[in-house]
Every structure is written in C-alpha cells, then in structure tokens.
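Take a look at the model below.

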Amino acid sequence: MMNDEITPRRLVLRVALASVFSLVVPITLFGARSTGANSAAAAATKKLTQASVQYQTKPKGEKMCSSCMNFIAESKTCKLVDGSISPDGWCILWAKKA
Ligand code: SF4
C-alpha cells in the first residue's frame, strides 16, 4: 500500500536532515579550502627577519642586493627578507639576478 501523504514525523526528519546537510556540506567543501588558502597566504606574506639571514647594509665582495634576483628596486624591499633593504646590502640568501 502506497501512502503519498508525508507524516508529521517524516516531515520533521526531512527538515532536520536538510538543515544538517546545508551546514555540513559547505563547511566540508569550503571550510578546509579557506583554511588552506589562509595558511598559504600567511606563509606567502611572512618574510624572514634581517638578523636571521645575516643581512648587512654593505656588499659582500661583488655580491649586493641590487644584483640579487630577490631585490625589488622600486620599493627597496626584498621578496624574502622583511624591512627596508639597501641596494648595497647583502644577506646569505643572495642569488644572482638572471
Ligand atoms: S635575498 Fe638578501 S641579498 Fe637578495 S635582495 Fe634580499 S636581502 Fe638582498
């Protein structure tokens, strides 16, 4: 015997299930992604301290920030090291500009 009428008990159960899925599915799908994206963004923006890379404001022989691939001349900053960077400076991360 088929009964097309939904009992109040089944209706309550369906509404409860729909509510749970409407919360769980977005959190599962997007919650982890946003956490991962935030972590990646935080890691990408975090630079090393000048002290940790033995930064100095004078060159090391021929090696200096202005000839390093990580130096950003426009802002006198570095892609890897925090703070203001002198074009004449140097640190242990120096890498020849291509
Ligand atoms: S990595 Fe070091 S040497 Fe290169 S620009 Fe940055 S501070 Fe200067």
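The protein chain exposes about 7800 Å². Carbon and sulfur atoms supply 64% of that area. The model is a predicted one.

**The chain**

The protein chain has 98 residues, and buried residues make up 12% of them. It holds 1 helix and 2 strands. Read from the N terminus, the order is α-β-β. Now take the contacts between residues at least 6 apart in sequence: 67% of them join residues at least 24 apart.

**The ligand site**

Which cavity does the ligand take up? The space taken by the ligand is the largest cavity. Around the ligand stand Tyr-55, Cys-65, Cys-68, Asn-70, Phe-71, Cys-78, Val-81, Cys-91, Leu-93 and Trp-94. By class, this shell has 9 nonpolar residues and 1 polar residue. Charged residues are absent from the shell.

**Two residues of the shell**

Tyr-55 is part of the ligand's surroundings. Its place is in the loop between helix H1 (8-45) and strand S1 (71-72). Is Tyr-55 buried or exposed? Tyr-55 counts as buried because its relative accessibility is 15%, and the cut-off for buried is under 20%. Tyr-55 touches residues well along the sequence, including Ser-84, Ile-85, Ser-86, Gly-89, Trp-90 and Cys-91. Cys-65 and Gln-50 are also among its contacts. Ile-92 is 37 residues from Tyr-55 in sequence, yet their C-alpha atoms are 7.2 Å apart in space.

Asn-70 is found in the loop between H1 and S1. With a relative accessible area of 11%, Asn-70 is buried. Not counting residues up to four places away in sequence, Asn-70 touches Thr-77, Cys-78, Lys-79, Leu-80 and Leu-93.

**Two residues with positive phi**

Most residues other than glycine have a negative phi. Gln-54 is not a glycine, but its phi is positive, at about 55°. Gln-54 lies in the loop between H1 and S1. Lys-76 is not a glycine either, and its phi is positive too, at about 50°. Lys-76 lies in the loop between S1 and strand S2 (77-78).

How open are these residues?

| Residue | Relative accessible area | Class |
|---|---|---|
| Tyr-55 | 15% | buried |
| Asn-70 | 11% | buried |
| Gln-54 | 52% | exposed |
| Lys-76 | 44% | partly exposed |

Gln-54 counts as exposed because its value is 52%, and the cut-off for exposed is over 50%. Lys-76, at 44%, is partly exposed.

Technical notes. Residues numbered from 1 in each chain as written. Predicted model: local features only at pLDDT ≥ 70, side-chain atom pairs only at ≥ 80, totals over all residues. Heavy atoms only, no water. Near = heavy atom within 4 Å. 1 Å grid on protein atoms, 1.4 Å probe; cavity = no way out; pocket = protein on both sides within 12 Å on 5 of 7 lines; lining within 4 Å. Sits in = over half its atoms within 2 Å of the grid points. Nonpolar A, V, L, I, M, F, W, Y, C, P; charged D, E, K, R; others polar. Helix = DSSP H or I, 4+ residues; strand = E, 2+ residues; numbered from the N terminus. Buried < 20%, exposed > 50% of the residue type's maximum accessible area, 1.4 Å probe, protein only. Contact = heavy atoms within 4.5 Å. Areas by Shrake-Rupley, 256 points an atom, 1.4 Å probe, with all protein chains shown as cover.
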